[in-house]
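Here's a quick walk through one chain, from its overall make-up down to a few residues. Have the sequence and the model open as you read.

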Amino acid sequence: VHRGLHCFKQHKRLSIEKIVTMSTSGLRNLVLTLLVSHVTGNDVQARAVTTPAPTVSTHDTLVHLQGITDDLSHKLDDLNHQLGAFRAEVANKTAEINHLNSQLNVKADQIKTLTHDLSAEQSKLTTLDTYCHSHLTSLGDHVTKLETTIAFTVHFSNDSLTNNNTATAPHHTQRLWFDAVQYQTGGENYNKTTGYFHAPVSGNYAFYLTIQRNDPTENSCLEAYIFRNDRYRLATVTACPSGYSTAANMAVAWMNHGDRVSVTTLHSEDLFGF
């Protein structure tokens, strides 16, 4: 048996790869062929002359070789089984890796989308912050103005309409300017040169007008009007005869920022006005 294995290893025409891929029956035949070839060779005959060879029956040799081939066959089967299990495990791990890569790609796309959305929201917040800051500042200024009392009291420095009016179209009315400012707060909103009051902020305003005739010879009514923006009559004050008659009226109106109020009349006579 040992001599046969030695020949098996030293055979020049067979590679290890070819031997491993042989079937069990093919491997058995190869071993038997090599043993028979070696036993009948000159090397065995020469050894028989110098050293007595042990007596081994052919049957025992074949039985021993059968055991070797069976053992090799079992080991090959075990190796094939282990290789199949390993390949199955590799396939499972590959599938898991592919699944994880797919999930990773999905998460990367989600992160990219969230990053884009976050950038857009940050841009909106920056715009809103600027907008809110600007409007809060404007609102604060508006509140400050509203908290500041806006009021004025004016009158004529003399009682002559001739010296305290300017002609206006289209009905030959005269806009009165009260050239004496007795009291004013909340800013220089009444202009004694033009006779206009300009609303510094939008809101509701109340105006009071009092007139007294200063010509006892007149025998007709004297009217004065409170106008907004020279077009909208807010109130009329009428002092009827005779003598030193007095009349008063008030007007409450919504004024937009920049609107103006004035007092006009169609008459020319002496009177006191506040």
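Two strands count as paired if DSSP finds at least two bridges between them. With that in hand, Arg-228 stands opposite Val-261 in E11. Helices (H or I, at least four residues) and strands (E, at least two) are DSSP runs, numbered from the N terminus.

A word on the ground rules: this is a predicted model, where local features need pLDDT of at least 70, side-chain atom pairs count only at pLDDT 80 or more, and totals for chains, interfaces and linings use all residues. Residues are numbered from 1 along each chain as its sequence is written, and side-chain values use heavy atoms, with hydrogens and water left out.

**The chain overall**

The secondary structure comes to 5 helices and 12 strands. Of the 274 residues, 24% count as buried, where buried means under 20% relative accessible area, exposed over 50%, and partly exposed in between (1.4 Å probe, protein chains only).

**Strand E11 and its partners**

E11 (residues 260-265) is mostly covered, with 5 of its 6 residues buried. What does it pair with? Here are the two strands:

| Strand | Residues | Bridges to E11 | Sense |
|---|---|---|---|
| E6 | 196-198 | 2 bridges | antiparallel |
| E8 | 222-228 | 5 bridges | antiparallel |

**The nonpolar core**

A nonpolar core is a set of buried Ala, Val, Leu, Ile, Met, Phe, Trp, Tyr and Cys residues joined through side-chain atoms within 4.5 Å. The largest one here has 23 residues, and Phe-178, Tyr-205, Phe-207, Leu-209, Ile-211 and Ile-226 touch the most other members. Strands E7 (203-213), E8, E9 (232-239), E10 (246-255) and E11 are the elements that give two or more residues to this core. E7 gives the most, with 4 residues.

Leu-209 lies in strand E7 and is buried, at a relative accessible area of 2%. Its C-alpha atom is separated by 8.9 Å from that of Tyr-225, 16 residues apart along the chain.

**Over in helix H5**

Is Thr-69 buried or exposed? Thr-69, found in helix H5 (residues 58-147), is buried, with a relative accessible area of 3%. A polar atom of the Thr-69 side chain lies 2.8 Å from the backbone oxygen of Gln-66.

Notes:
A polar contact is a pair of N or O atoms within 3.5 Å; within protein, one must be able to donate a hydrogen and the other to accept it, and residues adjacent in sequence count only if both atoms are side-chain atoms.
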